[in-house]
Amino acid sequence: MKKTFSKVLAGVTASAIALSLVAGAGAFKTASASEGTEVSLVPWTIYEGAEVGRSNDPDGWPTRTYNTVSTTAGESKDSVFWNTGLPHQQYVDSPEVIWQTTQVANGFTADIAGTGWDGDEWVGSVANKDNPYLLRAYMTGIQAQEGHMYTVSFKAAWVNNEKAPEKNIQIGVANAYGEDVFKDVENPVTKIKVASGSSTTYSQDFTLWAGDTLDITLSYGAFIASYNKGLTTENVAAKGVLTISDFKLIDKGQNPEYVPKPTIWTDPEETTAPKEQTTAKPQPKPSVDPAKKKVFAQVTGVKAKNNKKGKLTVTWKKIANAKQYQIKVGKRTYTSKAGAKKYVVKKGLKKGKTVKVQVRALAANGYKAGKFSKVVKVKIKK
């Protein structure tokens with residue numbers, strides 16, 4: 001059975017892979033609250049990837065990727081929730097499942113029924129890439145201050161039930177524009193390993209050079225390519241219990257190298273004609289960064305063709321300054337390669353079914369992600 005996923009924050013997590021360094025217990029400097037101000041967090045979102053039915057069992061696969069998930073704030077979801085939409089049938093797809101918690105928590109415990117396979121990175125019988133995004137937890141829209149230095153830290157513990165003497169966890173942090181904040185850090189640690197029966201403390205410093213919010217993602221799905229290459233002992237469809245605790249984001253003040261944007265303001269009372277004096281002084285108007293108002297235009301010219309069996313080719317017209325595009329096909333989303341104006345969907349297409357297709361430009365170059373294009377419907381005939 002294969003699994004696929006919605007690549008939320010794809011830009012961050014993709015660059016995190018390229019920058020990943022592996023470290024074990026005791027390899028990090030831990031920030032304490034005394035070194036700065038602890039930032040208020042937001043509720044977690046817990047994600048479980050969609051499934052593409054390829055089971056040899058005529059009854060399908062009986063469980064999803066989570067057994068249970070609970071937060072340190074006391075919220076929890078059991079297997080009944082995580083099995084939502086599971087068809088229990090051979091060759092039948094099922095949708096992704098997302099739990100938006102409501103209480104702020106500094107950690108969670110995930111009882112993992114299986115990390116899945118490698119999703120849409122499957123090539124023949126050998127995976128050529130890891131796919132940690134099948135299982136992930138993230139916080140979006142954490143309020144922060146541009147130009148400030150931060151330390152993100154947490155403690156991770158793992159108990160192996162099957163096929164995972166160690167657990168891999170990938171960390172991604174993005175600013176308000178979807179840009180990876182680690183890209184300006186020399187040798188950032190964006191991936192850690194936790195041995196079964198032990199715990200590891202993670203800590204990484206960075207500066208928020210642009211924007212006033214942060215999105216933080218922990219991805220802990222399938223690392224099958226790394227296993228095939230002998231880089232980890234975590235095998236496919238690993239099972240176990242992952243506990244994240246003491247999650248903190250510390251504000252350590254403004255980076256001395258940060259140059260604030262100038263404030264341009266004109267006194268409304270400064271005119272050539274004399275005016276009656278008043279004791280009330282006008283308050284300075286805050287500067288407005290034009291880049292924060294930039295939003296990519298809506299993608300046009302979207303076409304979808306099912307010319308080959310099991311494949312759907314989606315094309316569109318490029319948007320100026322856009323690097324990557326997000327393609328939505330039914331309930332699944334995909335991310336194009338940089339500079340591409342075409343994407344070929346190779347999985348999850350059921351003959352005789354009509355799917356809706358949309359495309360949008362992802363955040364880049366100071367622009368926010370644009371709106372999805374108008375819906376294009378196509379019937380899968382092959």
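Mentor: Buried means under 20% relative accessible area, exposed means over 50%, and partly exposed is what lies in between. Keep that in mind as we walk through this model, which is a predicted one.

Trainee: Happy to start there! What is the relative accessible area of Lys 294?

Mentor: Lys 294 lies in the loop between strand S18 (239-254) and strand S19 (303-305). Lys 294 falls in the class between under 20% and over 50%, so Lys 294 is partly exposed, with a relative accessible area of 35%.

Trainee: Let's move to S19. Which residue in S20 stands opposite Lys 303?

Mentor: S19 and strand S20 (residues 312-315) run antiparallel and are joined by three bridges. In S20, the residue opposite Lys 303 is Thr 315.

Trainee: Which are the edge strands of the open sheet of three strands?

Mentor: This open sheet has the order S19-S20-S23, with antiparallel pairing. An edge strand pairs on one side only, and that holds for S19 and strand S23 (342-345). On average, neighbouring strands here are turned by 20° against each other, direction ignored. The edge strands, then, are S19 and S23.

Trainee: In S25, which residue is the bridge partner of Val 355?

Mentor: Strand S24 (residues 354-361) is joined by five bridges to strand S21 (residues 325-329), and the two run antiparallel; here Tyr 325 stands opposite Ala 361 in S24. S24 also pairs with strand S25 (residues 376-379), in the antiparallel sense and over four bridges. In S25, the bridge partner of Val 355 is Val 378.

Trainee: Now for the rings. What is the angle between the planes of Phe 81 and Trp 82?

Mentor: The count of aromatic pairs comes to 13. Phe 81 and Trp 82 form such a pair, at 4.9 Å centre to centre. Planes over 60 degrees apart count as edge-to-face, so this pair is edge-to-face, with an angle between the planes of 85°.

Trainee: How far is the charged end of Lys 328 from the centre of the ring of Phe 372?

Mentor: A charge sits over a ring when NZ of Lys is within 6 Å of the ring centre and within 35 degrees of the ring normal. The charged end of Lys 328 sits over the ring of Phe 372, and its distance from the centre is 4.4 Å.

Trainee: Which residues touch the most other members of the largest nonpolar core?

Mentor: That core has 46 residues, and its largest share, five residues, comes from strand S13 (residues 148-162). Among the contacts of Phe 247, leaving aside neighbours within four places in sequence, are Leu 41, Trp 44, Met 139 and Phe 154. Phe 247 is also in an aromatic cluster that includes Trp 44, Phe 108 and Phe 154. The residues touching the most other core members are Phe 206 and Phe 247.

Trainee: What is the phi of Lys 163?

Mentor: Lys 163 has its place in the loop between S13 and strand S14 (166-174), and with a relative accessible area of 37% it is partly exposed. Lys 163 is not a glycine, although its phi is positive, at about 70°.

Trainee: Last one: is Asn 187 buried or exposed?

Mentor: Asn 187 is in the loop between S14 and strand S15 (191-195). Phi of Asn 187 is near 50°, a positive value in a residue other than glycine. Its relative accessible area is 57%, which is over 50%, so Asn 187 is exposed.

Technical notes: Residues numbered from 1 in each chain as written. Predicted model: local features only at pLDDT ≥ 70, side-chain atom pairs only at ≥ 80, totals over all residues. Heavy atoms only, no water. Buried < 20%, exposed > 50% of the residue type's maximum accessible area, 1.4 Å probe, protein only. Pairing = 2+ DSSP bridges. Axes fitted to C-alpha atoms, helices over the stretch in contact; angles between N-to-C directions. Phe/Tyr/Trp six-rings, centres within 6.5 Å; stacked < 30°, edge-to-face > 60°. Core = buried A, V, L, I, M, F, W, Y, C linked by side-chain atoms within 4.5 Å. Contact = heavy atoms within 4.5 Å.
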